[in-house]
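Please describe this chain from its overall make-up down to single residues.

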Amino acid sequence: MNTSISGFSKLSKSEKINWIVDTYFSNKEQAKKILTQYWNSDNKLQQLHDEFIENTITNYYLPLGVAPNFLINGKLHTIPMAIEESSVVAAASKAAKFWLDRGGFKATVLSTTKIGQVHFMFHGQPKKLEAYFKSVKNRLIADAKSITQNMEKRGGGILDIELRNKTEKLSGYYQLHATFETLDAMGANFINSCLEQFATTFKQEALRFKDFTDTEKQIEIVMSILSNYVPNCLVRAEVSCPVSDLSDNKNSHPEAFAQKFVQAVNIAEVEPYRAVTHNKGIMNGIDAVVLATGNDFRAVEAGVHAYASRNGTYSSLTHAKIENGIFTFWMEIPLALGTVGGLTGLHPLVKFALELLHKPSAKELMQIVAVAGLAQNFAALRSLTTTGIQEGHMKMHLMNILNQFDATTEEKAHIINHFKTHVVTHRAVVEAIDNLRK
Ligand code: MEV
């Protein structure tokens, strides 16, 4: 159906819903019920969610799970994870337990610099532009004082602004490339406000720069925006133990396990098709914690994948080695996260998640999130190189299949018990349900 509407955002919530169900649904009552059953009975809480975005019609639930027993730099954490994929929290918990008995995870923040750029066009002499930039740089920083003074009081702010000549790539294209320290804030609003102020000052002052011709005075600002590529906002997470300590009920031959594990990582380092899936598994852990703590997982995803291709080929984010009988598995990953601002003070579940994590600083959260990613990759590779992934996946997926068939609590208990000793496949589960119901 081809139906457009103007003024939709001005309609009330129930008018919006009426228009949607009238336009797109044959069973209107059922469609309405699906939406309204997710409304919160606490009106204030519902209003809070309504106002996060435009045109809210209902709430979209994801499970919030927790993975306990994460020992990170000697401190125990229970990590909150918001995710729909059945096996992720279970895998994280298993990896946490495995490493709890082997010294836990170590994590270090390597750098915290964020980047923003004013992209502009200038069609005059580059040398004159350089001279203009030199003369105006302090003014750019001074004019942003009202935005930066609070951040500066806490020890952050603008670190530097550079002029970058990009004309070899695109005729007339230059940037003001600025670096920032935003402390516990993710800093998107702070950085964007600074950049827009730089752009205003930069354009205005150019009109007064003596050495510019009239054409050169007309600097054309294209846009001012932070970069989600943050290769200098890096955290390292690591686990390590003697190879002989790797044995457990799954790995009875720890040397063979360690070698195969390292091979699996090496494959992801050289083969992009594998690297994408390998890194996707890491992001299962990372996104779940990023989302639970109210951070921007799209920004994190974009930055992480750009980092994974920084050498020109998409490659594994994790690395592993065996040296002098010691197995080491590690990852360095860019993560621009905040524990103040944004949703962190607004969404009750985000506040809960941050309190559960002992109200971390942004640096501590970077460490926790990186560890969740490393743990997830460890769990995936451990399954892939031993039993295969489907054993665990299908066990977790069993409940989804049972729910698809509206299994009762008794049916679920019976079938789960049956599959303790049988291989879970979709067909086998359907057969088991049929047999039970006969
Ligand atoms: C599934 O969500 C993630 C895995 O495919 C990751 C991997 O293959 O390493 C299991």
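## Overall make-up

The chain contains 15 helices and 10 strands, where helices (H or I, at least four residues) and strands (E, at least two) are DSSP runs numbered from the N terminus. The model is a predicted one, in which local features need pLDDT of at least 70, side-chain atom pairs count only at pLDDT 80 or more, and totals for chains, interfaces and linings use all residues. Residues are numbered from 1 along each chain as its sequence is written, and side-chain values use heavy atoms, with hydrogens and water left out.

Along the principal axes, the C-alpha atoms fill a box of roughly 90 × 70 × 40 Å. Of the 438 residues, 45% are buried (buried means under 20% relative accessible area, exposed over 50%, partly exposed in between; 1.4 Å probe, protein chains only). The accessible surface is about 22900 Å², and carbon and sulfur atoms hold 52% of that surface; areas come from the Shrake-Rupley method with a 1.4 Å probe, and for residues only the protein chains shown count as cover. Among contacts with a separation of 6 or more, 71% join residues 24 or more positions apart, a contact being heavy atoms within 4.5 Å.

## An open sheet

An open sheet is formed by 4 strands in the order β3-β8-β10-β9, with antiparallel pairing; two strands pair if DSSP finds at least two bridges between them. β3 (106-109) and β9 (318-323) are the edge strands, each with a single partner, so one side of each has no neighbour in the sheet. On average, neighbouring strands are turned by 20° against each other, direction ignored (axes are lines fitted to C-alpha atoms, for helices over the stretch in contact, and angles run from 0 to 180 degrees between N-to-C directions).

Two of the pairings are listed here.

| Strand pair | Sense | Bridges |
|---|---|---|
| β3 and β8 (residues 234-242) | antiparallel | 4 bridges |
| β9 and β10 (residues 326-334) | antiparallel | 6 bridges |

Histidine 319 has tryptophan 330 in β10 as its bridge partner. Helix α8 (residues 254-270) packs on the sheet and touches β9 and β10, its direction making about 140° with that of β9.

The covered face of β3 carries Ala107 and Val109, and its uncovered face Lys106 and Thr108.

## A nonpolar patch

Ile34, Tyr38 and Tyr61 make a nonpolar surface patch of about 300 Å². Isoleucine 34 lies in helix α2 (residues 28-36) and counts as partly exposed because its relative accessibility is 46%. Patches consist of residues with over 30% relative accessible area and no salt bridge, with like charges joined within 9 Å and nonpolar side chains (Val, Leu, Ile, Met, Phe, Trp, Tyr) within 5 Å; a salt bridge is a side-chain nitrogen of Lys or Arg within 4 Å of a carboxyl oxygen of Asp or Glu.
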